[in-house]
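The sequence and the structure are shown first.

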Amino acid sequence: MKKWDLILVGAGLANGLIAWRLKQRHPTLAVLMLECGDAPGGNHTWSFHQHDITPAQHAWLAPLVAHRWDGYDVHFPDVSRTLHDGYLTITSTRFAQAMRGLMKENLLTNVTVSRVSGQEVTLSDGRRFTAGAVIDGRGYQPSPHLSIGYQAFIGQEWQLTAPHGLTRPILMDARVAQGNGYRFVYTLPLSADTLLIEDTHYIDGPTLDADSARARIADYARQQGWQLARLVREEQGALPITLSGDPAAFWHQFHHQPVSGLRAGLFHATTGYSLPLAVRLADRIANAPGLHQGALYQLIADFAARNWQTQRFFRLLNRMLFLAGTPDQRWRVMQRFYQLDEQLIARFYAGQLRTADRACLLLGKPPVPIVGAIKALLHTHSSLRAHHK
């Protein structure tokens, strides 16, 4: 039986970037990738801001990027603004092509994994594979050790009957009807006559009513004057948004099994975006002196622990967003945020806030009821229990 240097269980973003970076740095490594679906990456769109990663990281990631824009717009009932931080997107189509070209026969799709351990994987058909280490990157798994809200969305990519006229993305249009949580529409101009339109909600649970979301997308397009001609594809998802948790207990549940991506809790606590942290982890692993199970687990666990500490302030803001105000008024938190300094906003998305940034975010009258804000900040809000899932 061949022994691999590394086995990646799941061919999603995090494991794909680990494979991509390892092959760049150590092309002779024997890496096996296992995927339950038809193709690496599934049916997703991953976006990030120019300053979320370093210039060196942009350089090695560049072949995977499908779209780039020089800025983006946001719209709220009382504020509209253009921000000039670049915005980039990786599509699952581009990602799948790159992974197939990279891994070749070492990518196995449509396989079902029945057992994963730190150095061995067993498939449902009985095949076994061993390696110096196995990384489990099969996506987010609910944990009793995290209090979670969700950014749930349904997105549709539409070809229009005529050019849409957009020159940059609309990251948030919150001028729409709200509901049981903060709602906005997210729009990416993928070509002159093609748009990805997402109906997005910050809500307590991970699911949306699909038919209602589709109807809201159609209504929004009609209001913008866009005539929908052909549905290219549809995607849906729910990004975890962390409110609080016990990181030691969270990591103890893995029993020294290396994990990656959303499964490892490696996402921006407020946006749910995982690409910047996946890029940084891929760099760390590619620079590691070896790929043995124990060392790799410790590397990832230490990386996640530092990220948990860094994102403490973001979890505080999340509790204000989810708990402090009535659902139909939560947009006021984001409207106030987008009136702040543009460089502060860029540092927020990059997860690199300064002390002065934190003070600026909290100073002044809060855009939510003061009593609710204080309870949310102190973890005493009764609704926090509902987010332990």
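## Cysteines, cores and helix H7

Cys 36 is exposed, with a relative accessible area of 62%. Here buried means under 20% relative accessible area, exposed over 50% and partly exposed in between (1.4 Å probe, protein chains only). The model is predicted: local features need pLDDT of at least 70, side-chain atom pairs count only at pLDDT 80 or more, and totals for chains, interfaces and linings use all residues. Residues are numbered from 1 along each chain as its sequence is written, and side-chain values use heavy atoms, with hydrogens and water left out.

| Residue | Relative accessible area | Class |
|---|---|---|
| Cys 36 | 62% | exposed |
| Cys 360 | 31% | partly exposed |

The structure holds zero disulfides, a disulfide being a pair of cysteine sulfur atoms within 2.5 Å.

The largest nonpolar core has 55 residues, and Leu 6, Leu 17, Leu 61, Trp 251 and Ile 285 have the most contacts inside it. Such a core is a set of buried Ala, Val, Leu, Ile, Met, Phe, Trp, Tyr and Cys residues joined through side-chain atoms within 4.5 Å. Helix H6 (residues 275-286) gives the most to this core, with eight residues. Apart from this core lies another, of 40 residues, among them Leu 171 and Tyr 182.

Leaving aside neighbours within four places in sequence, Trp 251 is in contact (heavy atoms within 4.5 Å) with residues including Tyr 297, Ile 300, Ala 301 and Ala 304. In H7, the buried residues include Tyr 297, Ile 300, Ala 301 and Ala 304. Seen down the axis of H7, its buried residues fall within an arc of 160° (taken from the directions from the helix axis to the C-beta atoms), so they line one face of the helix. Helices are DSSP runs (H or I, at least four residues), numbered from the N terminus.

Methods:
Helices (H or I, at least four residues) and strands (E, at least two) are DSSP runs, numbered from the N terminus.
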